[in-house]
Amino acid sequence: MRKFNTVFLLLLILIFKTGYSQDLPKGSLVIVGGGLEPDNKSVFTQLIELSGGPEKAVFSIIPSASGVATQTFVYFRSELISYGVKPENIHLIPIAMADDDSTKNIDESTWLNNGNDLKLADMVRKSSCVWFSGGDQLRTMKTLHKADGSKTPVLEAVWEVFRSGGVIGGTSAGAAIMSEPMIGAGNSMGALKHGVITDYKGDDFPDSDGVLLTHGLGFFPLGMVDQHFNTRARLARLITVMMHEKKTLNLGFGVDENTALIYNGKLKTLKVAGAAGVTLVNTTDATISQVQNLPLIKNVMISYLDEGDIYDISTKKIIPAGGKKSTIGNEFYNVSNPAQAGMFSGSATNFLNLVTVNLIDNKAVNKVSNLNFTGVDAGFLVTFSKTPESKGFYTDKPTGKDKYTVIGIRMDIEPVQITTTPLK
């Protein structure tokens, strides 16, 4: 907890130069970064209200990405019922590639071609919400497209729901499919070292071999989506893909676990709900060059939104959640050399700590750096810097843990050689 002398601030801050003047889909998207917990009331209540409320909402659940399709349906169905959705309004759309070993008399792998079933398509069309499970996003792409790449009747019906004002939601793999193109696999270090791969033919892409970029379903109209974001340290993977696609997109949205990015086409807003946050990445003015076949990336703009924060699509402004106060002139920390946590530290130095506690809420510094080893004597130096547009907001919590909004931080990624010399 902290003392402050500033009055309540609710600022609308313009940070993105890119905008979307075209007509946007009128439906809503509830994009969950994975790990959605049953007690996440914020996400579940908003999902259900957007879908018509517990009395009227009709859900179609497509477990196409899951390796345990029936279990996935039963689990999510029980959660919806616990929030008041009528059991008879929750429907399984049996599309899957893998058999669920928990069901003795059903082979879910026989559901492979059910995307062509016209009766299932009609069931989807009558829904107010279509929900995609977690698992492997490439399975969803294979089961909802025909051999020639065209949409199956079920996928056409999903698009009809979205265009008519309904809700499309998904978690983990169900979040990844929202983009076009879509991140299929890979991790941050592999992405930086090996770049973007677009022509992989196998079934299991090795995460360390780069970042796999393939086609997605494209419901989300504003940019690239990534999931399990900070838990799996995927910031550099998202940036690598965005730099690869810089001519066509320059906004990226990294959604944390147990957290939703909610797109409302009618209100033209994005809203964050849940336990953590969403990282916004803007590569409009970013540059990339090669140093010994490794990327040197400069001037990526980063923001972080938390529960209740809103991004207004029309005005390109961020609206911090009610009750948040500015960190400017009220910084809690004054540490000139923020420690970089290692194995002897009680807390990890992750992205969120770097840009909040160590930077935006620290009056002693204008930048912080973090070294990421790729070998004994090489690595990437990541630097976050305050800019004239940088803003921070916080909310005191009874637990003593602040909730932050961070706006307009610059990020640079530089390949470096590392030398160590023992002290004498």
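In this predicted model, Phe44, Leu47 and Ile48 of helix α1 meet Phe76, Glu79 and Leu80 of helix α2. The residues of this contact divide into five nonpolar and one charged, with no polar residue among them.

**Helices α1 and α2**

- Helix α1 spans residues 41-50 and helix α2 spans residues 69-82, and the two pack with their axes 10 Å apart at an angle of about 85 degrees.
- Because angles of 65 to 115 degrees count as roughly perpendicular, α1 and α2 are therefore described as roughly perpendicular to each other.
- The buried residues in α1 are Ser42, Val43, Phe44, Gln46, Leu47 and Ile48, and among them Phe44, Leu47 and Ile48 also meet α2.
- After α1 comes Gly52, which has a positive phi, near 120 degrees.

**The largest pocket**

- The largest pocket holds about 590 Å³ of space, and of the 27 residues that line this pocket, Ala233, Asn350, Phe351, Asn370 and Asn372 are the closest to its centre.
- Two or more lining residues come from each of the helices α7 (188-194), α8 (235-244) and α9 (351-360), and likewise from each of the strands β20 (367-373), β21 (378-385) and β23 (403-417).
- By residue class, the lining of the largest pocket divides into 17 nonpolar, eight polar and two charged residues.

Notes. Residues numbered from 1 in each chain as written. Predicted model: local features only at pLDDT ≥ 70, side-chain atom pairs only at ≥ 80, totals over all residues. Heavy atoms only, no water. 1 Å grid on protein atoms, 1.4 Å probe; cavity = no way out; pocket = protein on both sides within 12 Å on 5 of 7 lines; lining within 4 Å. Points joined across faces, edges and corners; volume = space filled by probe spheres on them. Helix = DSSP H or I, 4+ residues; strand = E, 2+ residues; numbered from the N terminus. Nonpolar A, V, L, I, M, F, W, Y, C, P; charged D, E, K, R; others polar. Axes fitted to C-alpha atoms, helices over the stretch in contact; angles between N-to-C directions. Parallel < 35°, antiparallel > 145°, perpendicular 65-115°, else oblique. Contact = heavy atoms within 4.5 Å. Buried < 20%, exposed > 50% of the residue type's maximum accessible area, 1.4 Å probe, protein only.
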